[in-house]
Amino acid sequence: MKKLVLILGLFAVIAGSVATYFAYNKPQITLPQPVEQGFKNPLFYRPMYAYSDLWHTLITPYSITTFQNPLDKNKIHNVLAETYFCDLIENEYNHVKFDCYSCHIMFYPDHSCHHECLLYTIKRYDEEMKWYMITKSDCYTGDSETRIIKYP
């Protein structure tokens, strides 16, 4: 019985000390507020279709997703996709620039991860085809690919 009273008394002293510490110091936990940002040009929210290959792209202010058309339109399981998260570092009406940390898990056996800087620029509107031509450029190497955004 004495041991139980001693343990309860010790617990009360520790709990009182902790309560006194928090009452005196008043530590505050502040959570970061989400930054609501969107593209200045809503055209960038539309899917970008490949001009020269099977891969297509969908970007948001926080991510880039590349996906492949299904070989058989009736079988969804043929679709491959990869999403990586990015920081939007430039947001202009005619272009957006991302800083991304990309890990190519599916396609490279060494699972290499690296930073990528990607720039999507609206080049022109093709009146006949009813689409915008977009270039996707690597900021470091200058390599670029052409994408289109169909516009009704």
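Is Tyr45 buried, partly exposed or exposed? Tyr45 is partly exposed, because its relative accessible area is 39%, and the scale here calls a residue buried under 20%, exposed over 50% and partly exposed in between, with a 1.4 Å probe and protein chains only.

1. Ground rules. This is a predicted model, where local features need pLDDT of at least 70, side-chain atom pairs count only at pLDDT 80 or more, and totals for chains, interfaces and linings use all residues. Residues are numbered from 1 along each chain as its sequence is written, and side-chain values use heavy atoms, with hydrogens and water left out.

2. Aromatic rings. Let's stay with Tyr45. Rings of Phe, Tyr and Trp (for Trp, its six-membered ring) pair if their centres lie within 6.5 Å; planes under 30 degrees apart are stacked, over 60 edge-to-face, and the rest tilted. By this rule there are 5 aromatic pairs. One of them is Phe39 with Tyr45, a tilted pair at 4.8 Å centre to centre, with 55° between the planes. Phe39 counts as buried because its relative accessibility is 8%.

3. Phe98 is buried, at a relative accessible area of 0%. Ring pairs join Phe39, Phe44, Tyr45, Phe98 and Tyr120 into a cluster.

4. The core. In soluble globular proteins, nonpolar side chains tend to be buried together. A nonpolar core here is a set of buried Ala, Val, Leu, Ile, Met, Phe, Trp, Tyr and Cys residues joined through side-chain atoms within 4.5 Å. The largest one has 17 residues, and those with the most contacts inside it are Phe44, Ile59, Ile64, Val96, Phe98 and Tyr120. Strand E4 (81–91), strand E5 (95–103) and E6 are the elements that give two or more residues to this core.

5. Tyr120 and its neighbour. Take contact as heavy atoms within 4.5 Å. Leaving aside residues up to four places away in sequence, Tyr120 touches a list that includes Phe44, Met48, Thr57, Ile59, Ile64, Val96 and Phe98. Thr121 has its place in strand E6 (residues 113–126) and is buried, with a relative accessible area of 14%.

6. Disulfides. With a disulfide taken as a pair of cysteine sulfur atoms within 2.5 Å, the count comes to 2. In one of them, the sulfur atoms of Cys86 and Cys100 are 2.0 Å apart. That link is right-handed, with 105° about the S-S bond. It connects distant parts of the chain, Cys86 in strand E4 and Cys100 in strand E5, 14 residues apart. Cys86 is buried at 6% relative accessible area, and Cys100 is buried too, at 1%.

7. Cys117 is joined to Cys139, S to S 2.2 Å. The torsion about this S-S bond is about -60°, so the disulfide is left-handed. Cys117 lies in strand E6 and Cys139 in the loop between E7 and E8, so the pair ties together parts that are 22 residues apart in sequence. Where Cys117 counts as buried at 7% relative accessibility, Cys139 is partly exposed at 30%.

8. Strand pairing. Two strands pair if DSSP finds at least two bridges between them. Strand E7 (residues 131–138) runs antiparallel to E8, joined by 7 bridges, and Trp131 stands opposite Lys150 in E8. E7 and E8 form a hairpin with 5 residues between them, and Gly142 in the turn has a positive phi of about 85°. E8 (residues 144–150) is also joined to strand E1 (residues 49–50) by 2 bridges, again antiparallel. There, Tyr49 stands opposite Ile148 in E8.

9. One last spot to look at. Leu54 is in the loop between E1 and strand E2 (55–59). It is partly exposed, with a relative accessible area of 47%. Leu54 and Gln68 are 14 residues apart in sequence and 5.8 Å apart in space, C-alpha to C-alpha.

Technical notes. Helix = DSSP H or I, 4+ residues; strand = E, 2+ residues; numbered from the N terminus.
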